[in-house]
Amino acid sequence: MRRTRRIGIQVLAAALVLLCLAGCGNVYLRGEALTAAETSAMDAFWAAQRAGAEPDAPAWQKAYLAENFKQWRSFVRSARKDEDWGPTLQDEAPAAPEGE
């Protein structure tokens, strides 16, 4: 009885892990939805740039806006299947070319 229960719990845990991993990194956007995501990413970029240039902006605001841009850029890069899409923030290291 205990062994059957343990196997059942292991199967359930494995199924949950597979369900969670199935959607990771998969973003499907096309047409106007992709255009809207690209626009949002660029809006987030300019907001982060403005906050970074403002000496009186609180640190949490700068961090929040930078992370917001990185998330939007990640969505667009995933949808376009293009890891080079979009600008980088000043504090980000430029991406190394492939093969290096």
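Author: What follows sets values against definitions, one label at a time.

This is a predicted model, where local features need pLDDT of at least 70, side-chain atom pairs count only at pLDDT 80 or more, and totals for chains, interfaces and linings use all residues. Residues are numbered from 1 along each chain as its sequence is written, and side-chain values use heavy atoms, with hydrogens and water left out.

Reader: What makes up the secondary structure of the protein chain?

Author: The chain has 3 helices and 0 strands. Helices are DSSP runs of H or I with at least four residues, strands are E runs of at least two, and numbering starts at the N terminus. The order from the N terminus is α-α-α.

Reader: How do you know that the span of α2 agrees with its 23 residues?

Author: The expected span is 1.5 Å times one less than the number of residues. For the 23 residues of α2 that gives 33 Å, and its end C-alpha atoms are 33 Å apart, so the two agree. α3 has 22 residues and reaches 32 Å from first C-alpha to last, close to the expected 32 Å.

Reader: Which residues of α2 are called buried?

Author: Buried means under 20% relative accessible area, exposed means over 50%, and partly exposed lies in between (1.4 Å probe, protein chains only). In α2 the buried residues include Leu-34, Ala-37, Ala-41, Phe-45 and Ala-48. Glu-38 is also on that list. They pack against α3. In α3, the buried residues include Leu-65, Ala-66, Phe-69 and Arg-73; what covers the buried residues of α3 includes α2. Across the 100 residues of the chain, 22% count as buried.

Reader: Why is Lys-81 called exposed?

Author: Lys-81 has a relative accessible area of 64%. The cut-off for exposed is over 50%, so the label holds. Lys-81 sits in the segment after α3. Its phi is positive, about 60 degrees, although Lys-81 is not a glycine.

Reader: What makes the set of 9 residues a nonpolar core?

Author: A nonpolar core is a set of buried Ala, Val, Leu, Ile, Met, Phe, Trp, Tyr and Cys residues joined through side-chain atoms within 4.5 Å. The largest such core holds Ala-44, Phe-45, Ala-47, Ala-48, Ala-51, Leu-65, Ala-66, Phe-69 and Leu-89. α2 and α3 each supply at least two of its residues. The largest share, 5 residues, comes from α2.

Reader: Which residues does Ala-48 contact, leaving aside neighbours within four places in sequence?

Author: Contact means heavy atoms within 4.5 Å. Ala-48 is in contact with Leu-65, Ala-66 and Leu-89. A second, separate core has 7 residues, including Leu-34, Ala-37, Ala-41 and Trp-85.

Reader: How is the largest pocket defined and lined?

Author: On a 1 Å grid over the protein atoms alone, a pocket is an open set of points where a 1.4 Å probe fits, with protein on both sides within 12 Å along at least five of seven lines. Lining residues have an atom within 4 Å of a point. Among them here are Ala-48, Gln-49, Lys-62, Leu-89 and Asp-91. α2 gives the most, with 4 residues. The volume is about 220 Å³, taken as the space filled by probe spheres set on the points, which are joined across faces, edges and corners.

Reader: What is the lining of the largest pocket by class?

Author: The lining has 5 nonpolar, 3 polar and 2 charged residues. Ala, Val, Leu, Ile, Met, Phe, Trp, Tyr, Cys and Pro count as nonpolar, Asp, Glu, Lys and Arg as charged, and the others, Gly among them, as polar.
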